Amino acid sequence: MSAEIEELLKRYQNYPNVTGIIILDPFAIPIKTTMEYTLTVHYAALISTLTYKAAKMITNLDASNELVTIRLRTKVHEVIVLPSENYIIIVVQNPGT
């Protein structure tokens, strides 16, 4: 599993404008991060709650559907959340122009 996590980290680090990557286990505990610890914990808590609620909303609307990606864009950052069975990947990047 560790090799898989390292591969995910390397893949997303090569994208342009990426400022941070966090990989969470299914219980929202950070497994690997490229960000400061306190910021990582803050993102993990907030994003895991958002992901859970978004996934629940999607399945309530259509039981045959599932959440694949969440993309949030602000003036300062863009946050991309990629939930899966084993991980929640959070990619923080500077928004492109």
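**Close-up views of a predicted model**

The end C-alpha atoms of residues 5-93 are 19 Å apart, and this span is 38% helix and 30% strand. Helices (H or I, at least four residues) and strands (E, at least two) are DSSP runs numbered from the N terminus. The model is predicted: local features need pLDDT of at least 70, side-chain atom pairs count only at pLDDT 80 or more, and totals for chains, interfaces and linings use all residues. Residues are numbered from 1 along each chain as its sequence is written, and side-chain values use heavy atoms, with hydrogens and water left out.

**View 1. The annotated span, residues 5-93.** An unreviewed UniProt entry lists residues 5-93 as "domain: Roadblock/LAMTOR2". UniProt positions are given in the numbering used here, feature names are shortened, and annotations may be inferred rather than shown by experiment.

**View 2. Helix H1 (residues 2-13) and its buried face.** The 12 residues of H1 should span 16 Å at 1.5 Å a residue, and the end C-alpha atoms are 17 Å apart, which agrees. The expected span is 1.5 Å times one less than the number of residues. Ile 5, Leu 8, Leu 9 and Tyr 12 of H1 are buried. Seen down the helix axis, the buried residues of H1 fall within an arc of 95 degrees, so they line one face. The arc is taken over the directions from the helix axis to the C-beta atoms. Ala 3 and Lys 10 are exposed, on the face of H1 turned away from the buried side. Buried means under 20% relative accessible area, exposed over 50%, and partly exposed in between (1.4 Å probe, protein chains only). The buried residues of H1 pack against strands E1 (18-24), E2 (30-33), E4 (78-83) and E5 (88-93).

**View 3. The aromatic pair.** The structure holds 1 aromatic pair. The ring centres of Tyr 12 and Tyr 15 are 5.5 Å apart and the ring planes stand at 85 degrees, so the pair is edge-to-face. Rings of Phe, Tyr and Trp (its six-membered ring) pair if their centres lie within 6.5 Å; planes under 30 degrees apart count as stacked, over 60 as edge-to-face and the rest as tilted. Tyr 12 is buried, at 11% relative accessible area, whereas Tyr 15 is partly exposed, at 42%.

**View 4. Strand E1 and its partners.** E1 is mostly covered, with 5 of its 7 residues buried. E1 and E5 run antiparallel and are joined by 6 bridges; Leu 24 has Ile 88 in E5 as its bridge partner. E1 and E2 also run antiparallel, joined by 3 bridges, and Ile 22 stands opposite Thr 33 in E2. Two strands pair if DSSP finds at least two bridges between them. The hairpin of E1 and E2 has 5 residues between the strands, and Ala 28 in this hairpin takes a positive phi near 70 degrees.

**View 5. The hairpin of E3 and E4.** Strand E3 (residues 70-73) pairs with E4 in the antiparallel sense over 4 bridges. Arg 71 stands opposite Ile 80 in E4. The hairpin has 4 residues between E3 and E4.

**View 6. Surroundings of Thr 51.** Thr 51 lies in helix H2 (residues 37-61) and counts as buried at 6% relative accessibility. Leaving out residues up to four places away in sequence, Thr 51 touches Leu 67, Ile 70, Val 81, Pro 83 and Ile 88. Contact means heavy atoms within 4.5 Å. Thr 51 and Asn 65 are 14 residues apart along the chain, and their C-alpha atoms are separated by 15 Å.
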